[in-house]
Amino acid sequence: MLMASLIIAAAGLSAVLVINSSAKQSYSSEQQFLVPNVTQTITSNSSNLKLTKQDYSVLRVKGFSQLIAVAQTKQHIYTNNQAATQASETTKVTQRRIDFTGIDTFSLLSLPDFLNPVALSEQSNVAAKTISSASDDSNQLIRQLGFGEPIAILHPQLLEQLLGQLPDQQLEPFTTEAGTPLPKFNTFESAALGNDIIMDIADLYRLYPNAELSMLLVVGELSKAKQDRLQESLPNHLQLTNAKGAEQDSELTSSFHLNLMAMALLMFVVCLFIVVNAVNLLLNSRLSWLKICRQLGISRLQLFVVQLLEIILLTLLASFIGVVLGIELAKLASPTVQATLENLYSVEVGFGKVSIIGLLIQVSGISLVGSICATFIPLNKLNHQLAQTKDVPLSLVQQRFWKRIIWLSFVVFAAAAYIILNHAQALWLLLIATALVILSGCSLLLANYPGMLALIQRFIPARFPLLQVSSKQSLALSGKTKIACCAFFIAATSNIGMNLMVDSFRGATVGWLEQRLVADYYIYHNGEPNLSDLAKDTGVNVKQRLENTIPFQGKQVQQFSYPTGELYQQAMAFYDKSKDENLWSEFALGKGVLVNQQFAFGFDYKINDVVELPHPATGEISSYKILGIIYDFGSPYKQVLMPLEMFDLSKSTCCMYAVQGAESNIDLLREKMLTAGLDPEGKLLKTEELLAISMQAFDDTFIITDGLNVVTLLVAALSLACAIIVLMNDVRPQNMLIRSMGVSALKTQLLALFQYLLLCFVALIFATPFGILLSWVLINDINYQAFSWTYPLIISPMKILQIYATSLLVVTVVIIIPIIRAGRRPLIEDIRWVN
Amino acid sequence: MLALKNLQKSYTDAGEKHTILNNINLTINAGDSISIQGASGSGKSTLLHLLAALDKPDSGEILLNSSLDETQTENQDITQFTERQADQYRQFQVGLIFQKFNLIDCITVMENIMLPAKITGKVEHEYIQELLNALGIKSHINKLPNQLSGGEQQRVAIARGLSHQPPLLLADEPTGNLDSKNSDLVSQLLVDTCKQLNTALVMVTHSRKVAMLTQQQWYLDDGSLTRI
């Protein structure tokens, strides 16, 4: 039990550290564009005119040899279907599209940095040993692509995932949908790879002729003169920008790290509760031997040190096993984590390199500190037992003293949480406040357990004497299972808090999407032809969403268009809005703007505040009043909405169209799209489909949260089971006595179950208000600071009852085993043991 | 009331068979007080466990007189009882007293005493008062067990063993944990109360002095039961 709890704690912690490290490396590698030393990028600033091969060749002919083309496409991977009769039939291997990136390696290798190719091993593990920095990684990566036969490079874990999705016994190579074999896969262990498959640009175009140039990278520093010349040489539809700043991503990374770390620590702490009980159990079973050792003259200190050393050794061993399991767990969880991060932050996350030694040192250190702390209580108890100090019950004065201390700690924890929540803004401080809220709940529970159990006893009718006795025994047990009950309380509070938060978020998102998505269809299309023009003769009403990226207070902000018609006015979901009745007319006249929560909270703006923003068409800076703050769940970007009429199509990009019309007219639009070479499939989405896709993404995002919830509850129940095993010996004489009175073994087992479930039920009653409070803190403080959005808290009694049922069921499943074992023991054995 | 016929019980230790009860025959009538003495490991407690249907013999019978169980028309062999029947037998026919008093700490003295009576549904307040008076524990009924001395706790255990008016009280070393003064007092009270309530008492004891208080004294040695 001790080893199991230590291994679970170490494995959970290691998995989170590995995931954190991978995410961190992926974020930082995103800023490197896979190619080292990228200082600037050239991209298209228009939806109509894209970056073309011709633009690239013209610029290179003009002497800009530091420009490197990058093409990208998202595609599924296929394999030849052996079962099919026709050789050309393929089977889809991937669940979601993979990013294929083509780099013009020929041009890149002609740059001075790449003139000295190094012989590379194709084996990822050998390569990994020789690489010490992200820059070296990328150099080697490019060199692999530039020499020899065509190859595609990907992270070994991505290859492992792809191989894992192949049908059984499948040995055929991976192909495109048309059956063209992909180049030979070489694995390369580098976080810079992310979730991408990298190949030479020529190979990419051979496989996917429709792939588009996404950007030109400027490798190395350009002189001022050369930079000016490049700026002048750029056609109107291209823009030169500095390499992406790290600010936003690093913000996201830290909030992600903090959230994951908080959850892992919660699990770790609950595991330590098990350690306390497991050590108790271990020492209890050894007590008679230890007493003999004392009689033989071995000092208490020696016994104490030996026990502690054993626990330290067990912790180190468990840490090692936990780290190995944690790495495997992280690999298993990586697809879900990737999906979560991509949904939550719109960032591609790949696989990081992990130093096992570093991880082992980190996990062992934390585990050692934790287990030594957790061992202190049982060892101290053992010390008293070996000293043969009589276990004197607390006097009334002492009882009152401890009760006051518990009440005082409740007041101190609650006050500290209140102060932090009202005055602090740092995320780590808010997480500490969350912990303080839970601790204050623990104190309140401990202070009120006896009173609450006594109250429940009053409602048990006199005709159930055994139930009355059991409920009184629960009261006595509550004093001996304080730690386990607190662990259960923490798990239950977190469970209620997280579930209510997710439920509220789900409710808010559904409500928000249903309100916002008023059109019949939505089209996701970027570039030519413009669908508004295409839809002119079809009788379909098309509203496009135009967008610009504008600088605001040193950060990038999205400037979006919003239609001003009645339908779209009603579709807007406000978090807060101006009391002014003329809100929409002021908006339509361009006097005011709507901003999302991310903008308002991030820059600390309120309704009717004035902001200085560039005009979407002219770029002229003007003052605009904030007329409304809108919900915009799931987006990491700060956003300003302005009337569609203020935008100029030639200066803004358009990625989305809202479409309204009769089905027959929509069919006409479909035909026109097909004629124009646009495949409506995948681009033209019915509103219901879009809603379903969005909610699927939402549910995928919270899989991790749900998983951690169940694990935490299970760990808490295990902690309770440990405590019960320890207590089984304490309650054995009383159970023996009741059975000797002719009460059946089954009844005795049910009574024992009733006792523990009663304790859990009381803990759940106390956990409910604290869970609701926790949910409120998560929504209004943690979400506010971490994601810059909040939403109304929805308290669903059904959800709470469901959590009650789940929690009690989990506890029953876990504790039923020791209870049944005790109940199946013949009564005669108990009588002999007791007497 | 109970008739033990040719009772045999043995156990195997390290492949060697040890007979601890060999051809035991004994009749216990209502109101009898019987003490069983013997050396440690002689099988005294095993015999008591057989009488309480807690254990089963290798062979032999323990016949329960039908007059004690109104639902039965003929004598029953308690060694053939199912677990449920054994539970019922202990609930209604037997009271048990242990060397360690085994009182439930979290309930009061009165609640401890009333527990078997409440379980069987045979709560007679006058009888309980009589019992409390006989054992001299009336003033302690609202106390918790850990507030009582050893002798007082064993007196509470006796009251508990008798509260549901069982025809048979089985006591396993009831004075083993008491000093000599308390031992004399408690054993005298035990025998007197059983006599007063016409309850049969079978008491296992090491103490000759305690054994002398009962009507019949038996000695168990080498598997055989001999009346002294």
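The model is predicted: local features need pLDDT of at least 70, side-chain atom pairs count only at pLDDT 80 or more, and totals for chains, interfaces and linings use all residues. Residues are numbered from 1 along each chain as its sequence is written, and chains are lettered from A and ligands numbered from 1 in the order in which they are written. Helices (H or I, at least four residues) and strands (E, at least two) are DSSP runs, numbered from the N terminus.

**Contact between chains A and B**

- Chain A gives 20 residues to the contact and chain B gives 22 residues, where two residues are in contact if their C-beta atoms, placed from the backbone, lie within 7 Å.
- On the side of chain A that touches chain B, at least two residues each come from helix 14 (465–480), helix 22 (703–740) and helix 25 (827–834) of chain A.
- Helix 14 of chain A supplies the largest share of that side, seven residues.
- By class, the side of chain A that touches chain B has 13 nonpolar, six polar and one charged residues. Here Ala, Val, Leu, Ile, Met, Phe, Trp, Tyr, Cys and Pro count as nonpolar, Asp, Glu, Lys and Arg as charged, and the others, Gly among them, as polar.

**A helix pair in chain B**

- Helix 5 (residues 150–162) and helix 6 (residues 180–197) of chain B have axes that come within 10 Å and cross at roughly 15°. Axes are lines fitted to C-alpha atoms, for helices over the stretch in contact, and angles run from 0 to 180 degrees between N-to-C directions.
- Helix 5 and helix 6 of chain B are therefore roughly parallel to each other, a term for angles under 35 degrees.
- Residues of helix 5 of chain B that meet helix 6 of chain B include Gly150(B), Gln154(B), Ile158(B) and Leu162(B). Among the residues on the helix 6 side are Leu185(B), Leu189(B) and Thr193(B).
- This contact has seven nonpolar, five polar and one charged residues.

**The six-stranded sheet of chain B**

- An open sheet of six strands in chain B has the order 6-7-8-3-9-10, with mixed pairing; two strands pair if DSSP finds at least two bridges between them.
- Strand 6 (94–97) and strand 10 (224–227) of chain B are the edge strands, each pairing on one side only.
- Neighbouring strands of this sheet are turned by 20° against each other on average, direction ignored.
- Strand 6 and strand 7 (residues 168–172) of chain B run parallel and are joined by four bridges. Opposite Leu169(B) in strand 7 of chain B stands Gly95(B).
- Helix 1 (residues 44–51) of chain B lies across strand 3 (33–38), strand 7, strand 8 (200–204) and strand 9 (216–221) of chain B, at about 150° to strand 8.

**Strand pairing in chain A**

- Three strands of chain A form an open antiparallel sheet in the order 4-3-7, with strand 4 (90–92) and strand 7 (174–175) at its edges.
- Tyr78(A) has Thr175(A), in strand 7 of chain A, as its bridge partner.
- Strand 18 (residues 621–630) of chain A is joined to strand 15 (residues 574–577) of chain A by three bridges, in antiparallel fashion.
- Strand 16 (residues 592–596) of chain A pairs with strand 18 of chain A in the parallel sense over five bridges.
- Ile630(A) in strand 18 stands opposite Phe574(A) and is also the bridge partner of Asn596(A).
- Strand 17 and strand 18 of chain A form a hairpin with six residues between them, and Gly619(A) in the turn has a positive phi of about 80°.

Conventions: Angles under 35 degrees count as roughly parallel, over 145 as roughly antiparallel, 65 to 115 as roughly perpendicular and the rest as oblique.
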